[in-house]
Amino acid sequence: MIPQNSFFEAGRECSSGDFELNMKNIRNFSIIAHIDHGKSTLADRLIQATDIISDRDFHDQILDSMDIERERGITIKSQTVCLPYTAKDGQTYFLNLIDTPGHVDFSYEVSRALASCEGALLLVDASQGVEAQTLANLYLALEHDLEIIPVINKIDLPSADIERVRKQIEDDLGLDSETAILASAKDGIGIEDVLEGIVNRLPPPLSGDAEAPLKALIFDSHYDPFRGTIVHLRVSQGKIKAGDVISFMSNNASYKVEEVGIFQIVRVPAKSLSAGQVGYMIAGIKTVSDTRCGDTITLKKQPCDSPMSGFKETKPVVFSSIYPVASDGYEDLVIALEKLKLNDASLIYEKDSSAALGFGFRCGFLGLLHLEVVQERLEREYDLSLILTAPSVQYEIIMNDGSSEIIDNPALYPDPTRIQTTKEPFIRAAIIIPDRYMGAVMSLCLERRGINKNYQYLTNNRLEMIFEIPLAEVVYDFYDRLKSVTQGYGSFDYDIIDYRETDLVKTDILINGERVDALSQLVHRDRSVERARLACERLRDEIPRQMFKIAIQGAIGAKIIARKTVSPFRKDVTAKCYGGDISRKRKLLEKQKKGKKRMKMVGQVMIPQAAFLSVLKTDNS
Amino acid sequence: MENPCQAEPAGIYVHIPFCVWKCPYCDFYSITDMSLKEAFLGALLDEMQIGKETGFFQKTRFSYDTLYIGGGTPSVLDAEQISRIIEAACRSFQILSDAEITIEVNPGTVTPEQLRGYRHAGVNRINIGVQSFQDANLKFLGRIHSAQNAHLAIRQARDAGFENLGLDLIYGIPGQSEKSWLADLHRAVAYRPEHLSCYMLTFESGTQMDDDRKKGRFCPADEALTARLFETTISFLEDHGYAQYEISNFARSVSKRSRHNQKYWTDAPYRGLGPSAHSFAEARRCWNFRSVKKYVETLSTGKLPIEEKETLTREQRILETIYTGLRKTYGIDIDKFNKKFSTNFEEILGERIMPLEEKGLIQRSQNRCFLSRRGMLFFDSIVSILVQECKN
Ligand SMILES: Nc1nc2c(ncn2[C@@H]2O[C@H](COP(=O)(O)OP(=O)(O)OP(=O)(O)O)[C@@H](O)[C@H]2O)c(=O)[nH]1
Ligand code: SF4
Ligand SMILES: [Mg+2]
């Protein structure tokens, strides 16, 4: 199944002879940057420079292997690739490169990647300069004590301003701009400097003892239908090889190793992996839940003393419930989520149920893009069709009796008469923009109930503005809006700071008088009418006309705040049906039948999946 | 002859793929290039000759009690040509002596001599594409004939000795009022035709008219009005002695229904000849190329001009039986259905029929399941509800 095109096949076995012992010839590093600054493109050039793939098999952003990454042109998953590189000093080095995503929603991928590295290339777009995630990712790297090489990328652009960017690297990042490597990943400029920089400026892995008991960290995994769970690991001491009996330290599950190897676009088997190396392990792991990201692997017979510290838990910020459209789709969804979780450690879920949609899961996401990606991956990789409920943040509800609850699910929202106060999460948003957009950003943030706390000039015309904004206002389309009002120049990063009192209401949607629980939303009172109206409009546009009138209402409690109708059709009849028409009509009906599998009946009304999803869409009006 | 299991007689459909002019709403296959006429005729006769012993109908030797010459515009062919077709058909297939032999003609393309010739050739039923008795409507429909032509054609057909006469009409035309449609119906029944087909104007995708509609070049008739016309038509014709037997078809008596067309709605076997014609027997269906050129070319190599074949699964047959069955006022024959599919109609469909029954859209009596008059207006939706996830 795995094409084996590696150089190891050509006689150089990865774990044979002196290489194994020569940890000083290994470099583990990540490429980090703000979104779109060219990480994956730089990875392409490094891969090509080291010849692990033929020109015929190569394509741009080769590490972005998922369809959705290619379609959206962004990296979602960190990817590891092991590059053999013969440096100017004549020695061959093994460079374990990890390409990371730039979008905030996937920062967990970045932080896990950094945990298995000693160094990082920090890319800065020569025309965009330092942006919010440049800073955020730098801080992450510093937390892990990594050696950092700044790389100014895209110097081929006419708008590149290298001097300005150097100054930003100096002033904003506090790095020595003299050491920055100038590169154009697109045109292949500076690639050798980058490779030499990696070899000469980044440290080799700490000399973990290759003879000590095995200790390896699981930093990722994925499910392969033929081979079970494939664990991505970094060995920190000892060594692992086929035939070893290993155990997972968190649950003592134990397996016999079938194969270990390294990633070189494809999986390349190796005799063993030893301290300092990054690679994979296959051990016939069919129980999906046995593998946990952050767990430590050791030898069953000769365990190491203590597990590694693992990773910080992720804190989801938006929550939504996922239901299968097919009435018998729950079991499939259970399996799919379990398997997806292997490859997306930031996904959090628990069982949920809805009167309208049956059994499903309440899931926590790192942002709306993450939510979309999870939905799409579940649909594509596991062939499911899903309905998601409106995303919500977590609210703190303080009841009349003084008790308090954290609620993110409208279904669990208590009777309002029992509520004393409601609090919502606020964030501190740091927005970096050229100063000419100050007014536009100010009004965007105020419109989102934000409070401007501060602003400061970074380098010349660049401004960092600090706002405190309700998280609920940001998870919607804030990032897109910021991009659009700043013509792509604005970037932002945030931290949750505290919970503040708010005026929350629950809006319901009724279809022909029947409340559809999955369409309820928790919103600020000021937004309720607008949101309910928007939901009603979207539903009206997406619910196909039927034989009878369909009333769509938005309500708070018993009070109707929005109303739309889908008028019935008055006729729906094919006038002619003779010999030549029947087959075609049948095919049409069969197609409809398939389409109906993507619909839900609420009372007598067929609601297409698209209608449920349209309610989630943010307004781009 | 030596075929004992000849349960029900089959029908033959011959598609004449020529029209003087392509009407913008029409999605039947036809071309206006008359130079291919002779080549087509030759090929058609070949198809009969080859098809008689090979291919689709090989296994069962059918006898035929209908021959339907449709199109297109069969009346672009003269009497001699029609006669050749009928004779060849009789030579190749076992056509019963009392077979219903129908021809479709268009006003403006026929002469009295031609009509007499058709009659003489053995045609015993004629269907005239009148569409409307009003020039404005005919113009909107892009027909080549005038109201005057229509009147004339009917009289000439009667004069030529056609005792079994059918007329086609179209309603739901932009600008048409209820009164104006009733006027057309009045004129039609005045001729006491044996049969009437009244079609609601529909916009089939791929037609010029559908394209114009999408581009907003005209405004389709009001849906509610057209829906009312549907019901008006049924009551009006009932009052004038015409019973509806299919969504768009009416006859003065059971024996005057189109014997041929009923085969389509009862899963009866039929053999289609000519470009784009469909053949069907039991669970198998095939159809010819939708191109005169390809049709002629293929036959010239001695092969049948079949574009595609399909064998229906049981589920697909059930779906088609429901679809075609509910078009008839008689509806689905439940006993037959159960026997044919060795199943229980009630069990597989009862649950979905019930709510529709409550709304008065569908009815059941003894052995039948059929749409109410209102139900027929929602035929497409209802079928779609009934066949979804058809467990069987
Ligand atoms: N002109 C120019 N364009 C570049 C260069 N490097 C990358 N790009 C372009 O910048 C865009 C983003 O490149 P990617 O490599 O996907 O960026 P990324 O940092 O991996 O993006 P994310 O993974 O989504 O964070 C693509 O259109 C690249 O072609 C460069 O050196 N010069
Ligand atoms: S005459 Fe009949 S078959 Fe020919 S184009 Fe017009 S409607 Fe269609
Ligand atoms: Mg990328």
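## The sheet of chain A

I152(A) of one strand sits across from L182(A), a residue of β6(A). Residue numbers start from 1 along each chain as its sequence is written, while chains are lettered from A and ligands numbered from 1 in the order in which they are written.

Six strands make up an open sheet with mixed pairing, in the order β2-β3-β1-β4-β5-β6 of chain A (helices, H or I with at least four residues, and strands, E with at least two, are DSSP runs numbered from the N terminus; strands pair if DSSP finds at least two bridges between them). At the edges are β2 (79–86) and β6 (181–182) of chain A, each of which pairs on one side only. β6(A) runs parallel to strand β5 (residues 147–153) of chain A, and two bridges link them. Helix α1 (residues 39–49) of chain A packs on the sheet and touches β1 (26–33), β2, β3 (92–99), β4 (119–125) and β5 of chain A; the direction of α1 makes about 160° with that of β3(A) (contact means C-beta atoms, placed from the backbone, within 7 Å; axes are lines fitted to C-alpha atoms, for helices over the stretch in contact, and angles run from 0 to 180 degrees between N-to-C directions). Helix α5 (residues 162–171) of chain A also packs on the sheet, touching β4, β5 and β6 of chain A, and the direction of α5 makes about 160° with that of β5(A).

## Domains of chain A

Chain A splits into domain 1 (6–201), domain 2 (215–299), domain 3 (318–388), domain 4 (396–502) and domain 5 (506–616), with bounds that come from an automatic or database domain assignment. The centres of domain 1 and domain 2 of chain A, taken over C-alpha atoms, are 24 Å apart. Their contact takes 20 residues from domain 1 of chain A and 18 residues from domain 2 of chain A.

On the domain 1 side of this contact, β1, β2 and α3 (107–115) of chain A each supply at least two residues. The largest share, three residues, comes from β2(A). By class, this side of domain 1 of chain A has ten nonpolar, seven polar and three charged residues (Ala, Val, Leu, Ile, Met, Phe, Trp, Tyr, Cys and Pro count as nonpolar, Asp, Glu, Lys and Arg as charged, and the others, Gly among them, as polar).

In chain B the assignment gives domain 1 (10–265) and domain 2 (314–391). Between their centres, taken over C-alpha atoms, lie 28 Å. Ten residues of domain 1 of chain B and nine residues of domain 2 of chain B take part in the contact. The domain 1 side draws at least two residues from each of α8 (223–239), β7 (243–246) and α9 (259–265) of chain B. α8(B) gives the most to this side, with four residues. The residues on this side of domain 1 of chain B are seven nonpolar, one polar and two charged.

Chain B also has an open, antiparallel sheet of three strands, ordered β13-β15-β14. β13 (332–333) and β14 (362–365) of chain B are the edge strands with a single partner each, so one side of each has no neighbour in the sheet. β13(B) runs antiparallel to strand β15 (residues 368–371) of chain B, joined by two bridges. I332(B) has C369(B) in β15(B) as its bridge partner.

## Two ligands

The shell of ligand 1 has 20 residues, and the closest are G38(A), I74(A), T75(A), G102(A) and K186(A) (a residue is near if its C-beta atom, placed from the backbone, lies within 6 Å). Six nonpolar, nine polar and five charged residues make up the shell around ligand 1.

Around ligand 2 are C19(B), K22(B), C23(B), C26(B), F28(B), S30(B), G71(B), G72(B), T73(B), N106(B) and G129(B). This shell divides into four nonpolar, six polar and one charged residues.

## Where the chains meet, and confidence

The contact between the chains takes 21 residues from chain A and 37 residues from chain B. The chain A side consists of eight nonpolar, five polar and eight charged residues. For the complex, the predictor gives an ipTM of 0.94 and a pTM of 0.75.

Chain B has an average pLDDT of 93, and 96% of the residues score at least 70. Residues 1–5 of chain B have pLDDT below 50, and this stretch has two contacts in the model beyond near neighbours in sequence. Where pLDDT is low, the predicted coordinates should not be read in detail.

Note on methods
Predicted model: local features only at pLDDT ≥ 70, side-chain atom pairs only at ≥ 80, totals over all residues. pLDDT = per-residue confidence, 0-100.
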